[in-house]
Amino acid sequence: KVYGWAPRYLKPLTEAAIRMVQAARKQAAWNALGTLLGGAVGDVFCVVALFVSVFSSGGRPDIQTFVMAQVFTSILQTSIDDIRAAYRGTLLVHRVLARVERFLRLPEHVSGPPEGPLSISAGSFAWAAIPDGHDMTQTFLSRINLQAKSGELIIVSGPVGAGKTCLLMSLLGETCCVSGTLSHPGGPIAFQPQVPSLLEGSIRDNVLFGMNCDSQKEQEWLELAFSASQLSIDMDNAASTLHYHREQTHVGRKGGELSGGQRARTALARAVYATLLGAQLVLLDDPVASVDNELVEAAWKAAVLEAMGVATRIVVVNAQLLERLGPTADRVVILDAGSVVFNGRPENLKTQNELLERLGAGYDIGALRPAATVAGAAAQAAASVQPSGREATVTAGKGLSTASLKQHHDNMLPPSDVPKQKNQVVAQTNGKCDKHHLATSMLDTHGSRLAATLKHVAGLLDSVRTTLFERHSTVAREAHSPLVPRGTMGCKSNGTTKYSSSGETACQTVLRKSYFSVCMMFFRRQPFWVLGATFCTFLAEIAPPLAIQVLQYWEGGKTGMTDLTAFSAFTLLALGGILLTSLSHLLQGMGLASSSLSLRGDIDQRLISLSMSYFWCGGKVEEVLAAVTVDPMSFAAVSTLAAMISQNIVGLMAVVYSMPALLPVVTLASVLFRYTNAPKSWAFKQLLPLSQRRSSVLMHKAAEEFESRVVIKALGRQQQFDRTVQKASMKGFYIERSFIAARNLASMFNMLVDFMFAACALGVVMRTKAVGGDAAQAVVLYKLVLSLSNKIQLLQRTSDTAADSVSKYRVVEDFVSTEHIEATGGNKAPTSWPTRGDISFQNVSFRYAPNAPLALSQFNADIRGGENIGVVGPPGSGKSTLLNLLFRLVPCSGGVVSIDGVDIASLSLHSLRAALGVVPQEPVIFHGSLKSNLGGNTVTDAEVLTALAACGLQKLASVASLKREL
């Protein structure tokens, strides 16, 4: 959304939907043809036999011979259908087992490097060969020599792409050692990847990572891990999101409910706990890169230097942190282009002038600065600001007096300079949910006045911080109350292209639609197709009995037609049934394909226009994924319900017309069938959704285990995770067995109904014989009664299957009909807008939910074009919310945001977002080429190459690299 790329996804999504529908239509045509050929063989044989007996042999039509031929051909056809179904099932099983076998035959990671002191001698490493015969032609680490003593701390750094992470992967045995030797101490390895690998669960679960914490000693180690990683600071802070549930705080999918710093510290706590459990080797990949600046030194000292001090530690840090953390290392290793270019004491790095000049800034290690308080860090940051000719004042939010700060600053300036402060940029950051406020001041006063000003600012910030913390404690208690009741889905849009005038969005409770209403919603997407298929099915059910009736009249000479005319009428009715049935199947398939295209289009459109309020008011990513990934063709059972009902109605009418006395018995049998089928219906409605959820849980756990496989193997937790997956698998197995048992129980109960229908059929035969009827009439009536029984059972099975499809379709319709969509209107931006880039926030307020406290309250800021503004504050203070408001990802609860004097609420989203650039907090790489990730066809190769070079990615700044898949 913020890149303005959402519309460009519509075209490939639409093309994919069209291809899917084309395939579905072909499949429907082939299915209809198969139904025609498979069902017409027996009828054609019987018709040809009748033609030969009448016109070639000169005999009379014999209904008894024709009916008996139909019985035998139907038996043969049933056998052929069973063989065909068994063959299809065999092919399916063969394909599944072949895929399983290919997976099981993949080479396994049997053992790691040999045990011994951590040592790499002339080691060259490459990624393992792919099993399809690809050669390992490129090594990423060459001639590495590294030996570590027990308990030594080695910091590894280097430019981007130097091979730092690959070195850790090689030490873990995840790469192939092409030459040289590698050994490390045996046992578990405390490994923290560059991107924290978090499981869906609590913080405690992620730190334990499959282990139990039963003893008092283990509990003490767990508390030490929380303390060393600085997570306990957040847990003890009443303003933090971790305060209420502490270590039981749910981290969400892949840690999505935690901030970036909290995710990094959770992974660091896991490494600390593993070390306390006995890990002798610690491998950390940029462990504190995402940690808040004021906590970096504290986390480094408590976790890396102290808690894990007994183990051998190899820690990768980036160049920005090397200067701060390098002096604490026993040794520093610098990698460049896959080779070691420096290996020695930190203080010796300063003497490598040629190397430092080649690597650039960031590798000149200084003295480690002591951990600073928030106020001290702010004052230190302010002290580092050099006079630039620009002046900016950061004032506090609503409720926090800044008169003393302004007055103090004015007192420090000569009278001639005071008026200039009226034109300074004013910015403020309120705490999220009005919990955090941070006042920081960076004042540009030329010459000697800067030092005197900063002294007073630092002291004033300490008192401001105390005031803010008191406000945190009060508001945080209110913030822990539930904001959105269970069952709500999202905020009802006001339907305008501007922000809501009141600024408030109301969460709307989604009423659960009934089974019938959902089916009708589905039918409304294909009304003509459903009506046509139902009508064809109705005629197809009427045609065979009419054909028999015509044959009876023809045999008795009551038609008043010639033999050829009577035969033509009989043939048309006899073969018309299967023709109409095939046409009905074709219409059902075509209608389902057309509705799939319509439904897919609505899903895709809603996907790219979904507003963020959907998630704030109760919507979940899983619900979006369930709606987006659904296969519309899986709703075939729903589309056939109407045709099935018409089949049963015609069958019942035929039986009642032939023998009215059977009406009470058939009605009773149908009712009994409904009740005897209750176990299976219960299984479909209760166990089947439960089985699907368990299957989703199993797939989710398996996916988590796969994504975390390197950490799991490093920590030696394979057995724990295998047991977890096996437990989830066994629960699903028990549910599946219960489902099968319920179906078998229903089948046993249905035998009573089958017995009743068989008794009715036998009664029909005896009744026909008693009144002087022939065997043909008895067989026809017998088939009518038994076919009605089969149709009722088929309708019940289809209804059970449709119940599952309806539950899926309900999710899709809820998603498609959601009112959480972004505004589609708005004015086009003026020509050459923006010209200056002036940004103004005027009394802007925002809250995430109707009952939530204000995340921003009366926020005011005026930023001149061309200025570089730093927005700082503790986690959850509203920094990202400012960007969300600029991009209109969220609606204002009050106030106006304008750029170059234009209210952004009056602009179309495309015009607004196309004029803004952003680097998200978490970079996202899209599937596709390098150029597609930088704008695709909307930018030229020259522009992309210039951007890559400006970001220090000269290695990728070539035309050939632009087409490389990422």
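# Exercises: a strand sheet and its salt bridges

Valine 156 has valine 333 in β8 as its bridge partner. This is a predicted model, where local features need pLDDT of at least 70, side-chain atom pairs count only at pLDDT 80 or more, and totals for chains, interfaces and linings use all residues. Residues are numbered from 1 along each chain as its sequence is written, and side-chain values use heavy atoms, with hydrogens and water left out.

## Exercise 1

**Task.** Find the order of the six strands in the open sheet, and state which strands stand at its edges.

**Solution.** 
- Step 1. Start with the terms. Strands (E, at least two residues) and helices (H or I, at least four) are DSSP runs, numbered from the N terminus. Two strands pair if DSSP finds at least two bridges between them.
- Step 2. Read off the order: β5-β6-β7-β3-β8-β9, with mixed pairing.
- Step 3. Look for strands with a single partner.
- Step 4. Neighbouring strands are turned by 15° against each other on average, direction ignored. Axes are lines fitted to C-alpha atoms, for helices over the stretch in contact, and angles run from 0 to 180 degrees between N-to-C directions.

## Exercise 2

**Task.** Work out in which sense β8 pairs with β3 and in which sense with β9.

**Solution.** 
- Step 1. Recall the rule: strands of a sheet pair through backbone hydrogen bonds, either parallel or antiparallel.
- Step 2. Take β3 and β8. They pair in the parallel sense, over four bridges.
- Step 3. Take β8 and β9. They run antiparallel and are joined by five bridges. Aspartate 336 stands opposite serine 339 in β9.
- Step 4. Check the hairpin of β8 and β9. Two residues lie between the strands, and alanine 337 takes a positive phi near 55°.

## Exercise 3

**Solution.** 
- Step 1. Apply the cut-offs: buried is under 20% relative accessible area, exposed is over 50%, and partly exposed is in between (1.4 Å probe, protein chains only).
- Step 2. Conclude. Six of the six residues of β8 are buried.
- Step 3. Find a helix over the sheet. Helix α3 (residues 164–171) lies across β3, β5, β6, β7 and β8, at about 150° to β6. Contact means heavy atoms within 4.5 Å.

## Exercise 4

**Task.** Compare the salt bridge of glutamate 822 and lysine 1 with that of arginine 84 and aspartate 81.

**Solution.** 
- Step 1. Define it. A salt bridge is a side-chain nitrogen of Lys or Arg within 4 Å of a carboxyl oxygen of Asp or Glu. The structure holds 18 of them.
- Step 2. Take glutamate 822 and lysine 1. Their closest N and O atoms are 3.4 Å apart. Glutamate 822 is in the loop between α25 and β14, and lysine 1 is in the segment before α1, so the pair ties together parts 821 residues apart in sequence.
- Step 3. Glutamate 822 is buried at 12%, and lysine 1 is partly exposed at 28%.
- Step 4. Lys1, Glu822 and Arg913 are linked in a network of salt bridges.
- Step 5. Take arginine 84 and aspartate 81. Their closest N and O atoms are 3.2 Å apart. Both lie in helix α2, three residues apart, about one turn of the helix. Arginine 84 is partly exposed at 41%, and aspartate 81 is partly exposed at 27%.
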